[in-house]
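Welcome, and thanks for taking a look at this one with me. Below are some notes to read alongside the sequence and the model.

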Amino acid sequence: MIRLLILLLLSLLSPLAHAALEASVERTRLVEGESLELTLETPSAGRLSELDLTPLEAHFEVHGTRQLSLVSQINGRTSPVTRWVISITPLRTGYVVIPPLQLGDVSSQPISLHVLSADQAATDRGARLAPVFIDSEVDTETPYVQAQVLLTLRIYHSVSLFDDSTLSGLEIPNARVESLGAPRNFERLLNGVRHGVIEVRYAIFPQHSGELDIPSQLFSATALQPGSNGRNGARSGRLVQVRSPSITLQVRPIPDEYPAGVPWLPARSLTLTQTWQPDPGIDLFSGEPLTRTLSLAAEGLNASQLPALQSLSGDAAQDQQLRQYSDQPHLQTELSDHGVRGARHDSAALVALQEGTWTLPPVTVHWWNTEADRLETASLDSVVLNISRDADFPSVGTPAGFAQPAPPVLLWPWQVACALLGLGLAGCLYLLYRTRQLLAEYQLTETEEHFDDQQQGNPLADLQAACRTNRPAEARKALEAWARQQHSEGLIGLSHNHIELEEALDDLNACLFGQARHTWRGKPLWRAVRMVIQSQRREAEEDSAARVESLYPEV
């Protein structure tokens with residue numbers, strides 16, 4: 001029974017707690033004359049709810065109020081939220097309390113502020129904490145040469161910033177710099193004040209031992225001015241520029257205990273693995289290829305810094321009976337917040353030309369553990385290959401899987417084919433030439449009629465002269481006179497019987513009456529007239545031949 005009463009009481013109190021009016025400020029420590037923003041938030045109010053700001057007037061100057069309607073999502077549940085942003089300025093120094101504000105049946109909690117005078121701010125170190133400042137740190141100040149150094153830049157801001165913030169690029173002489181992705185944004189409490197944080201990370205690889213200076217970085221942004229409302233509620237801003245502190249690294253050289261003549265590999269961790277295709281433990285035949293892939297992965301190194309790995313040493317390959325055919329290496333570099341991770345994969349096909357037992361030497365990689373500051377070794381044990389003879393594999397030759405060079409092919413079939421194609425092309429060209437000659441013989445030549453230009457009363461001669469000199473008016477007059485001699489209906493009847501003459505006449509009329517924009521040329525008209533004359537001559541010859549045939553009737 002008591003448990004039921006407790007659950008009922010909690011169910012009644014939870015809506016009240018959820019409907020409370022929460023108050024927060026951007027900072028609790030400020031200098032006299034500075035403004036700050038008081039934020040009130042509740043899920044129980046609406047857009048028409050009125051907030052009583054009268055208690056603030058005793059110790060604060062209220063510059064302006066903004067009311068926002070938002071949607072909040074907590075634990076997968078979505079609920080409306082009403083927020084008020086109030087810009088206020090304390091009227092006196094010392095400890096000032098923001099009194100509780102009333103909204104219906106709920107009220108906010110009081111907030112205590114420490115307002116310093118100008119003299120106090122000059123001597124108080126905590127008061128000099130700027131609204132926007134930048135901090136930088138490295139994971140180690142004494143790295144080894146070519147080892148990774150993680151640089152972290154964090155920009156803290158207790159005021160709102162526009163989206164125009166920029167950070168100068170990081171360039172360091174005698175060092176390689178890698179950016180580790182896009183900036184991260186989160187929030188953090190400093191001295192009870194909530195700050196927005198912009199975090200940028202770099203991986204730096206010193207190339208020489210000695211001192212290495214990491215220069216300061218310039219951060220530029222536009223900060224919102226509290227309490228400066230413009231027209232239509234617009235907010236003004238001011239330019240803020242801050243610099244990060246510079247850092248000096250003491251880069252150490254390669255340790256004396258590191259083996260000489262081997263690649264220098266300073267890393268946080270390193271792994272060496274291998275894969276086989278097929279399994280080397282099964283029975284293998286001579287000439288059968290066996291693929292081995294050696295993989296090397298290191299935290300804190302690029303893939304280009306990792307050495308090449310070989311399955312056979314120079315001594316094992318002297319007799320040329322166990323051969324290695326290497327593929328192109330596969331390099332892969334990954335970037336994350338923890339730094340750079342490089343991986344290298346070397347694949348090679350191993351082929352034994354004779355039966356027997358072959359021992360692959362162990363693979364050893366020396367590297368320096370930068371976290372434990374000591375020399376370590378990654379190795380793979382030696383591998384024994386048992387090769388038996390394959391009856392289908394020739395005793396002398398190249399390994400199976402690698403094609404032998406084909407015997408030279410005689411070139412005479414290609415020469416014969418090219419000769420035949422050449423003869424066929426020559427024959428086609430000859431036939432084309434003969435066809436063009438035959439067409440030229442059967443082509444009807446057009447004879448040019450010549451008339452005496454000085455002959456009076458000859459309209460055809462006048463038409464020819466007008467067409468030669470491109471005079472449309474005179475050509476029209478001569479054409480009508482000649483057409484009256486040829487047809488009873490004159491030019492209209494003659495043009496209806498001959499399409500070429502009708503088209504040439506339309507072009508002549510268009511030029512004479514202004515319907516054509518081009519200059520008239522008489523050659524098409526004279527060609528049409530010649531075609532009419534030739535047509536009339538053929539008709540006359542056919543009529544004459546018909547009359548001659550009618551004189552000798554069939555019996």
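**Notes for a first look**

1. Arg-476 has a relative accessible area of 21%, so this residue is partly exposed; the label covers everything in between buried, under 20% relative accessible area, and exposed, over 50%, with a 1.4 Å probe and protein chains only. Glu-480, at 27%, is also partly exposed. Both residues belong to helix 5 (residues 472-486) and sit four residues apart, about one turn of the helix. An α-helix has 3.6 residues a turn, so residues three or four places apart point the same way.

2. A word on the source: this is a predicted model, in which local features need pLDDT of at least 70 and side-chain atom pairs count only at pLDDT 80 or more, while totals for chains, interfaces and linings use all residues. Residues are numbered from 1 along each chain as its sequence is written, and side-chain values use heavy atoms, with hydrogens and water left out. Helices (H or I, at least four residues) and strands (E, at least two) are DSSP runs, numbered from the N terminus.

3. How many salt bridges does a search of the whole structure find? The search gives 13. One of them joins the side chains of Arg-154 and Glu-199, at 2.8 Å from N to O. Arg-154 is in strand 11 and Glu-199 in strand 15 (residues 193-206), so this pair ties together parts that are 45 residues apart in sequence. Arg-154 and Glu-199 are both buried.

4. Another pair to look up is Arg-344 and Asp-346, whose side chains meet in a salt bridge of 2.9 Å, N to O. Here, too, Arg-344 is buried and so is Asp-346.

5. Please turn next to strand 10 (residues 132-138). Its covered face is made of Val-132, Ile-134, Ser-136 and Val-138, and its uncovered face of Phe-133, Asp-135 and Glu-137. In a regular strand the side chains alternate between the two faces of the sheet. Strand 10 pairs with strand 11 (residues 149-157) in the antiparallel sense, over seven bridges; strands count as paired if DSSP finds at least two bridges between them. Within this pairing, Ser-136 has Leu-153 in strand 11 as its bridge partner.

6. Is Ser-244 buried or exposed? With a relative accessible area of 5%, Ser-244 is buried. You will find Ser-244 in the loop between strand 18 (235-243) and strand 19 (247-251). Apart from neighbours within four places in sequence, Ser-244 contacts Ile-134, Ser-136, Leu-153, Ser-216 and Gln-217, where contact means heavy atoms within 4.5 Å. A polar atom of the Ser-244 side chain also lies 2.8 Å from the backbone nitrogen of Gln-217.

7. Leu-68, in strand 4 (residues 60-74), is partly exposed, at 32% relative accessibility. Not counting residues up to four places away in sequence, Leu-68 touches Val-81, Thr-82 and Arg-83. Trp-84 is 16 residues from Leu-68 in sequence, and their C-alpha atoms are 6.3 Å apart.

8. Helix 4 (residues 459-468) is mostly covered, with eight of its ten residues buried. Among them are Leu-460, Leu-463 and Cys-467. After helix 4 comes Asn-470, which has a positive phi, near 60 degrees.

9. Leu-420 lies in helix 3 (residues 412-442) and is exposed, with a relative accessible area of 57%. Together, Val-416, Leu-420 and Leu-423 make a nonpolar surface patch of about 310 Å². Such patches are made of residues with over 30% relative accessible area and no salt bridge, with like charges joined within 9 Å and nonpolar side chains (Val, Leu, Ile, Met, Phe, Trp, Tyr) within 5 Å; the areas come from the Shrake-Rupley method with a 1.4 Å probe, and for residues only the protein chains shown count as cover.

10. Finally, an open sheet of three strands runs in the order 22-30-27, with mixed pairing. Strand 22 (284-285) and strand 27 (356-360) are at the edges with a single partner strand each, so one side of each has no neighbour in the sheet. Strand 22 pairs with strand 30 (residues 383-388) in the parallel sense over two bridges, and Leu-284 stands opposite Ile-387 in strand 30.

Notes. Salt bridge = Lys/Arg side-chain N within 4 Å of Asp/Glu carboxyl O. Polar contact = N/O pair within 3.5 Å; in protein donor to acceptor, adjacent residues only side chain to side chain.
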